[in-house]
Protein chains: 2
Amino acid sequence: MGFQFHCQKHCSQTQARVGQFETPHGVVETPRFMPVGTLANVKTVTPQHLQATGAQMVLANTYHLHLQPGEDIVARAGGLHRFMGWSGPILTDSGGFQVFSLSEMRSITDEGVTFRSPRDGQMINLTPEKSIQIQNALGADVIMAFDECPPYPVSRDEVEQATDRTYQWLSRCVAAHQRSDQALFGIVQGGTYLDLRQQAARSLLEFDLPGYAVGGVSVGEPPELIEQIVQATTPLLPQDKPRYLMGVGTYREMAQAIAAGIDLFDCVIPTRLARHGSALVKGDRWNLKNARFREDFSPLDPDCPCYTCQNFSRAYLHHLIHARELLAFTLLSIHNITELIRFTQRIRAAILADRFTTEFKAWLKQ
Amino acid sequence: MGFQFHCQKHCSQTQARVGQFETPHGVVETPRFMPVGTLANVKTVTPQHLQATGAQMVLANTYHLHLQPGEDIVARAGGLHRFMGWSGPILTDSGGFQVFSLSEMRSITDEGVTFRSPRDGQMINLTPEKSIQIQNALGADVIMAFDECPPYPVSRDEVEQATDRTYQWLSRCVAAHQRSDQALFGIVQGGTYLDLRQQAARSLLEFDLPGYAVGGVSVGEPPELIEQIVQATTPLLPQDKPRYLMGVGTYREMAQAIAAGIDLFDCVIPTRLARHGSALVKGDRWNLKNARFREDFSPLDPDCPCYTCQNFSRAYLHHLIHARELLAFTLLSIHNITELIRFTQRIRAAILADRFTTEFKAWLKQ
């Protein structure tokens, strides 16, 4: 099945581009922010409201879904789309990042990793083959290669070994992948060592994959390193394939990465901030619990078309938070997701109109 | 403003009737279950999803909203409808029931009640005048008289005194009420003493009110007493006005009460059960956490038109509960509210078709 990526327009002053990525469950217009639905749901948001945020591709997590409910259940339910009621495109990560960041690790060998399930204490073995098998069963449109994500900071030797292993594991992922209706993306690793990143990017090109990701960016690196990594890596990836920067979802990082040629982003930040009572508004973060919102009867953002801004005031959100009503999380999540998607949509429109570097100058400054 | 109640059809074998109650924010088709939105929101359900459940009139609570955010904030927001984003009819209770059931009571006199706020420990005074003033500020379509709700069991003397006080308080509520766009309903009290109930019902008729309620039914009485109270009281209330049984929302109690001539119901049970992981299905309660739903890929109720049943399986709800995802509460609440509204809608259709006593025989049996 075709996973065509059409590049509609290149920015004349940066590496930014506007594209369309075709998947079996619909087109993704790039650049685009993708909301995260870790456990087969975007926390507190129904698919009906999610669709109205402008969400196209949505993430789910292989590691979490393997532990609960298990990929066999999802497969028997008819796959992830049907299970979670999302008919648009879905991407699953490989579980690599979560294994390395959330688990009590037992061993990492060339074969794979063994870790203790935080759910029931059981020992679990994950290999490139197993990750792909789980992702084949889950049935997302895009699946990710199983990679080793070393923590930050870590020695060059260790990163070199992890990068090498990620490369070896990619060929095993490609060999294990069974479904033509799923696109397998490779992941550039290499920690904060720019030369290792570039070497990893070049070696990925040996595989003619339908898409490429820049990975491991949220394991603790400072933001300025992310920009350097993206700028050093992205130009080496094929022009005619989508490029995805994993785990990034702040205004500045997205704008900078788009300028370097990135097309797709994901981050838990909009829903996590919502559960802390915070809203993303025009580049700022507001804590709605603050007394200054008590009698503020304007919407979060008068220019925002989201369900929350069209129907509720800051004072109402402030009230719900103080009343400990869970609906606050839903309404803030809807707004925050819409806000980050709109940010990438506005950049898209600016690139098409040749105004990206002027309109987004503030975010592009070093 | 007109609060006309049109009776479209009387059941030939019971006191049941089908009616339309006009309010400034729309018509309520009776009999009808009304969802409860205590703190100006139906817990975990957005108004968009709430509307799709078939909800017409929605409740909010005077006591809770007085404590948080305060009626002044709601009034300055443009009233309850605008504040909570619900453009349909709204009913506020008087706060009486909550004062007597939730507060650390300090004193009850003929003047009113003094209690300690569970929110900040402050002493609060509530009188009939104050309750109406708060409800006038909140701006619901229907407001309720301030009543004394004695606990169960309690001596006849105490109930007699409370009933008498409720009657005295009603005239003060009527005198204090300021807005012609709000209908003030009187409440029949009298505990479990049927003769006191009947006496209270008759004395209510001295006031030509736009509606009447049978109150205090959920302060601890056993269900069989509720039926007796409703059967003894309802026939004494005017035929041409809506009748509301407060705090009741089980299948059997609603069916029996409709047969006795009740038109409106409210209960927190659909949303409370949802937060315990339970669903109301065809007269039963299911705990979706149960292992038997793990691989059950059918909807909660294949005949239910609600958003949840149209899009998700029992296995998915089971998964969300085990994954501790709050979306489970939302999806179960949507179904449970729809289920109770549909139950009253089906009774409505059965009365219109002269099939109420045959179709609902199982629920009407003593």
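Predicted model: local features only at pLDDT ≥ 70, side-chain atom pairs only at ≥ 80, totals over all residues.
Helices (H or I, at least four residues) and strands (E, at least two) are DSSP runs, numbered from the N terminus. Residues are numbered from 1 along each chain as its sequence is written, with chains lettered from A and ligands numbered from 1 in the order in which they are written.

**Chain A as a whole**

Keep chain A selected. Its C-alpha atoms fill a box of roughly 60 × 50 × 40 Å along the principal axes. The radius of gyration (taken over C-alpha atoms) is 20 Å, close to the 21 Å from the globule rule (2.2 Å times the number of residues to the power 0.38) for 366 residues, so chain A is as compact as a globular protein of that length. Of the 366 residues, 54% are buried, meaning that 20 or more other C-beta atoms, placed from the backbone, lie within 10 Å of the residue's own.

**The two domains**

Next select residues 5-267 of chain A, which are domain 1, and then 269-361, which are domain 2; such bounds come from an automatic or database domain assignment. Taken over C-alpha atoms, the two centres are 26 Å apart. Two residues are in contact if their C-beta atoms, placed from the backbone, lie within 7 Å. By that rule, 30 residues of domain 1 of chain A are in contact with 27 residues of domain 2 of chain A.

On the domain 1 side, show strand E4 (32-34), helix H1 (47-52) and helix H10 (251-259) of chain A, each of which supplies at least two residues. H10(A) gives the most, with four residues.

**Where the chains meet**

Now show chain B as well. How many residues of chain B are in contact with chain A? There are 35, and they touch 35 residues of chain A. Select H1 (47-52), H3 (71-76), H4 (80-84), H12 (307-311), H13 (314-322) and H14 (327-352) of chain B, the elements that give two or more residues to this side. The largest share, five residues, comes from H13(B).

The same surface serves both copies, as 100% of the contact residues of chain B recur in chain A.

Definitions and conventions:
Buried ≥ 20, exposed ≤ 12 C-beta atoms within 10 Å, placed from the backbone.
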